[in-house]
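Welcome! Take a moment to look over the model below, and then we can walk through it together.

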Amino acid sequence: MRTRRGVPAVAAALAAFALLAAGCGTPNPTVQARLEGHAAGHTATTGATGPTASTGSAGHTDATASGHGAKPVVPAQPAALRGGETMRTVTSPVAYTPKAPTTGTDDYRCFVLDPKLARDAFVTGFDIAPGQPQEVHHVILFRVPPSAAAAARAKDAESGGNGWTCFGGTGLGSRGASLDDAPWVGAWAPGGRENVLPSDVGIPLQRGSLLVMQVHYNLRHGTTPDRTSVKLRLSSSTKLKPLETMLYPAPVELPCRAGKSGRLCDRSAAVADVTERFGPMSRPIVNGLLLVCNGTVIPTPGPTQSCTRKVEAPATIRAVAGHMHLLGSSLRIELDPGTPKARTLLDIKVWDFDNQGSVPIPATAIRPGDSIKVSCTHDQAWRDKLPDLKGLPERYVVWGEGTTDEMCLGLLSVTRP
């Protein structure tokens, strides 16, 4: 049954996704080549700038790479501090040994970090260093305002200071948060390096705020104790513009290949499987994405899925990003597609999970009534090429939190007028 946009069911679906969409991904990923044979032809093109934008190694050609941090990145020398900046390091309070809380091979763990802010500040850069990069799928830093600090400390105390399981978001609620203002401070994914924001922007943190650090562990790469640390650049300048993160998710509805069969090739069984592994909100997210993006909960299976959402408030885009997992092949983010004003903000022609970094673009204004479209193409054929996926049963793939599940997520870093 088709449903009009804006009805309560759609609003509920958006609210559910706002709680959990931050389960994976990074605010500013970019990409290069994926496996041998792809490096020469890859470009991550931003239509707002025209030229190719790329960072990191240009020739990832290791045929044995897992598609998941097979070669840890050698840390670069940190950039010099700018006027008014200070550096502060916060680290996981414990050495945590990951383990799957249910079935599957993924563990999401949240830790409370205290930056000990004596006054309001802006985060102007960050460098996240996973203790066991071969095991870590992603790290996301969430800001916790002073009003929620006691709740965060209480939740942590329940485990004796050992953090808590947190598939999706932090589990602390999302008052004031939405897809148009996700409570992110920073993130790391394979290939990530130090991120220094432009000199005129920062991510605001109130005095007394905490951070929750969500670490997604991929247990197919071991269960060695991990202590992840974060270096924060902080500025007390009052002249910086607040930087926000906008999330643009799209469904994943990838059927099994022709000639392949198995229990999980049935969509209902596949949805039940992700629900068993990641909790009861998985089903509303899978169906809610269809409702929000397509106006129906009836899927149209296929390798390419997309979602278009109207801009609700004016903003200026400063950087763009995309996130998928190991079956991802290409990703595109467009502004006002199908109109005379259409422009491509990001065009990732060949996705590489192992090389993710930031893609800044020239300041691009968006206004109410504009539309943002994210499109992702996934390919089951990667199951035959990536070691992380070999031996796993073929399945109908929907949105899921695990490394061997899939996502389609566009991200915009924006300032407001």
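## A pair of facing residues

Let's begin with one spot: Y108 stands opposite H216 in β10. Keep in mind that this is a predicted model. The strand β3 and its neighbour β10 pair in the antiparallel sense, with eight bridges between them.

On its other flank there is a further pairing to look at. Here β3 runs antiparallel to β6, and two bridges join them. In β6, W164 is the residue that stands opposite C110.

## The strand β3 itself

Is β3 mostly covered or uncovered? This strand is mostly covered, since eight of its eight residues are buried.

Five strands form an open sheet in the order β6-β3-β10-β5-β7, and the pairing is antiparallel.

At the β7 end, β5 (residues 136-144) and β7 run antiparallel and are joined by four bridges. Look there for I140, which stands opposite A187 in β7.

## Helix α4

Next, find helix α4, which covers residues 282-294 and has 13 residues. From its first C-alpha to its last it reaches 18 Å, close to the 18 Å expected at 1.5 Å a residue. Its buried residues include I285, V286, L289 and L290. Just after α4 comes G295, which takes a positive phi of about 75°.

## Cores and the whole chain

What is inside? The largest nonpolar core has 68 residues, and L345 and L412 have the most contacts inside it. Apart from that core lies another, of 27 residues, with L113, L141, W188 and L243 among them.

Finally, here is the chain as a whole. It has four helices and 21 strands, and 55% of its 417 residues are buried. Among contacts between residues at least 6 apart in sequence, 86% join residues at least 24 apart. The accessible surface comes to about 16,600 Å², and 54% of that belongs to carbon and sulfur atoms.

Notes: Residues are numbered from 1 along each chain as its sequence is written. This is a predicted model: local features need pLDDT of at least 70, side-chain atom pairs count only at pLDDT 80 or more; totals for chains, interfaces and linings use all residues. Side-chain values use heavy atoms; hydrogens and water are left out. The expected span of a helix is 1.5 Å times one less than its number of residues. Buried means under 20% relative accessible area, exposed over 50%, partly exposed in between (1.4 Å probe, protein chains only). Contact means heavy atoms within 4.5 Å. Accessible areas come from the Shrake-Rupley method with a 1.4 Å probe; for residues, only the protein chains shown count as cover. Two strands pair if DSSP finds at least two bridges between them. A nonpolar core is a set of buried Ala, Val, Leu, Ile, Met, Phe, Trp, Tyr and Cys residues joined through side-chain atoms within 4.5 Å.
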